[in-house]
Amino acid sequence: MSREGQKLDYAAAGGNGAGGVGIGVLSLDLLGQVLDRLREPRDRKACRLVSRAFERAEATHRRALRVLRREPLPRLLRAFPSLERLDLSACASLDDASLSAAIAAAGAGGLAGLRRVCLARASGVGWRGLEALVAACPRLEAVDLSHCVGAGDREVAALAAAAGLRELRLDKCLAVTDMGLAKVVVGCPRLEKLSVKWCREISDIGIDLLAKKCPELRSLNISYLKVGNGSLRSISTLEKLEELAMVGCSCIDDEGLELLSKGSDSLQSVDVSRCDHVTYQGLASLIDGRKFLQKLHVADCLHEIGQRFVSKLATLKETLTALKLDGLEVSDSLLQAIGEGCNKLVEIGLSKCSGVTDEGISSLVARCTDLRTIDLTCCNLITNNALDSIADNCKMLECLRLESCSLINEKGLERIANCSPNLKEIDLTDCGVNDAALQHLAKCSELRTLKLGLCSSISDKGIAFISSNCGKLVELDLYRCNSITDDGLAALVNGCKKIKLLNLCYCNKITDSGLGHLGSLEELTNLELRCLVRITGIGISSIATGCKSLIELDLKRCYSVDDAGLGALARNAFNLRQLTISYCQVTGLGLCHLLSSLRCLQDIKMVHLSWVSIEGFEIALRAACGRLKKLKMLNGLKTVLSPELLQMLHACGCRIRWVDKPLVYKDC
């Protein structure tokens, strides 16, 4: 518990060392404001548990709720009548019946204030549940149905009754067609943000109707649709459109961009990445005359960058802040021209661009001194000279990506560390850096993300340097840093207690003792332990009992992890949603216990569990049927598992990925 939480916990219990009357005399409004200022969820929970006054205050004051299991949903909706934002994306096995029952339990008007609902990946919710939701929420403004792969026209039509809807995400709702889109745009004419990414049944007809019926649209994502230039002609009529993403729209070409350019001048962000038939000439026509364009993404689409495009970029000198050229062929002269013409840039993306050199980077950053994000992933010609130029010119640098830039070393990183006090993220994957580099980077006290994968020269000493001053670190990638031992993990948890994402795959010197240290990371949500051959169920027990926030865990090829480890997860890892146990030494009994106990588990990969019998798989999967959304198993199981079970999994929205490898199992 944080210091603030401890003080409030003490006050809530009525003690102040001088016979005070306690916190219950304060008004509910004031107590609600106090709760809003608590950063840690566990602190809020502690206050609720020790003080009924705080419990009452939160009931009337709480505005946002994220639910992990469907069972407590009715009680939670009754308890918090002032909710404005509800996230059900992680609510395992949520379906129409449970959603409708929870809405009914909230009572008449219980959800009247609800404005935003996230149902992403809630594949069990259909049109009946959505109809009940819309009917109970008259102020509904935003709905997220992304990755509900079974959602189709009937589900989308249910949302059409929400006349006040302003934001709608339908990414990868594969069954939505022009008909469903038509229902929404007619029923919800005030839409301002819409994403139909990967809804490949939507055509130019649907986009044309959208443009006619939703004149307030400000943000539109049509990425990976099979639409053509006709859609861009329709989109050009949207006078308030500010953001347009059309990544991977292979039927769009220069003619479409020219049609788009004839529309309103309101566009601020355009993404045409992976549009194979777009050339620099089309982009030049789109840019021409734009007064407000701030972000331009053209990654992996241009075969060459012509002078006309470069000269048009210069017309955006006062507005352009982000430019992504990932995957293109660039030159020193081009980077110099960009620097001269676009000196207000705060983000530049040059990932996998060929031709990037020290000279080009130096000429760019000499003029673009406001840069905060620089992506040089796989620009393997750059050296410390480029880092020196970045350090000298970009004093506000926050994010630097240098993956596979193998010619840099600790000397260049010393300059970056000394001159970049605001650095929050650095990616040094496959750069071969050593402990001396980490000693310099330890000066960056604002660091949140540090990626060191494949840097085999890093040892416990380097981790100790980072731990000594980077207490705000939340993500650390040590993939294949195989010199790291248990002592390094001990040093890490001593100073970096806010770690949420940790990758230790193939760090094969780590043992159960190291995992024991990790058990003190209360905020850890994602942990990758692939191929740690020395860990056993003892280490997994330490993780399960200590890391209560754990959401994703990868144990692939941890050959000594057995039923004891899975049992510890089953008893303690109640928030676990994604688990990989392929090649682990578990039995059918351990698998059954695991899948029947973890109510939030939605995604499990279990390839080559050779000690689990066919019957063990059958019983375990039946225990989890209705909760699982993704499943990875050997292809041989397809023919031996009962057709009834496979049909049940499919009916519950579970997608199975079959791995084409030999099926081997042993009866214990």
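Okay, ground rules before we start. What we have is a predicted model, where local features need pLDDT of at least 70, side-chain atom pairs count only at pLDDT 80 or more, and totals for chains, interfaces and linings use all residues. Residues are numbered from 1 along each chain as its sequence is written, and side-chain values use heavy atoms, with hydrogens and water left out.

Let's begin with the domains. The domain assignment gives domain 1 as 62-202 and domain 2 as 555-667; bounds like these come from an automatic or database domain assignment. Taken over C-alpha atoms, their centres are 30 Å apart. Twelve residues of domain 1 touch eleven residues of domain 2, where contact means heavy atoms within 4.5 Å. And how much area do domain 1 and domain 2 bury between them? About 950 Å², with 53% of it on carbon and sulfur atoms. Buried area here is the accessible area (1.4 Å probe) that two parts lose on being put together, summed over both. On the domain 1 side, Leu68, Ala92 and Ser93 lose the most area to domain 2, together 37% of what that side buries.

Now for the helices. Helices (H or I, at least four residues) and strands (E, at least two) are DSSP runs, numbered from the N terminus. Axes are lines fitted to C-alpha atoms, for helices over the stretch in contact, and angles run from 0 to 180 degrees between N-to-C directions.

Take helix 23 and helix 24 to start. Their axes come within 7 Å and cross at roughly 10°, so the two are roughly parallel, a label for angles under 35 degrees. On the helix 23 side you have Gly537, Ile540, Ser541, Ala544 and Thr545, and they meet Ala564, Gly565, Ala568, Leu569 and Asn572 of helix 24. By class, that contact has five nonpolar, five polar and no charged residues. For the classes, Ala, Val, Leu, Ile, Met, Phe, Trp, Tyr, Cys and Pro count as nonpolar, Asp, Glu, Lys and Arg as charged, and the others, Gly among them, as polar.

Helix 24 (563-572) also packs against helix 25 (588-597), with axes that come within 9 Å and cross at roughly 15°. That pair is therefore roughly parallel too. Here Asp563, Leu566, Gly567, Leu569 and Ala570 of helix 24 meet Gly590, His593, Leu594 and Ser597 of helix 25. The tally is four nonpolar, four polar and one charged.

Then helix 15 (332-341) and helix 16 (358-365): within 7 Å, crossing at roughly 5°. From helix 15, the contact uses Asp332, Leu335, Gln336, Ile338 and Gly339, and from helix 16, Glu359, Gly360, Ile361, Ser363 and Leu364. Those split into four nonpolar, four polar and two charged.

Last stop, the backbone. Most residues other than glycine have a negative phi. Ser404, though, has a positive phi near 65°, and sits in the loop between strand 14 (399-401) and helix 18 (410-419). Where is Cys531 found? In the loop between strand 19 (526-528) and helix 23 (537-546), and the phi of Cys531 is also positive, near 65°.

Definitions and conventions: Angles under 35 degrees count as roughly parallel, over 145 as roughly antiparallel, 65 to 115 as roughly perpendicular and the rest as oblique.
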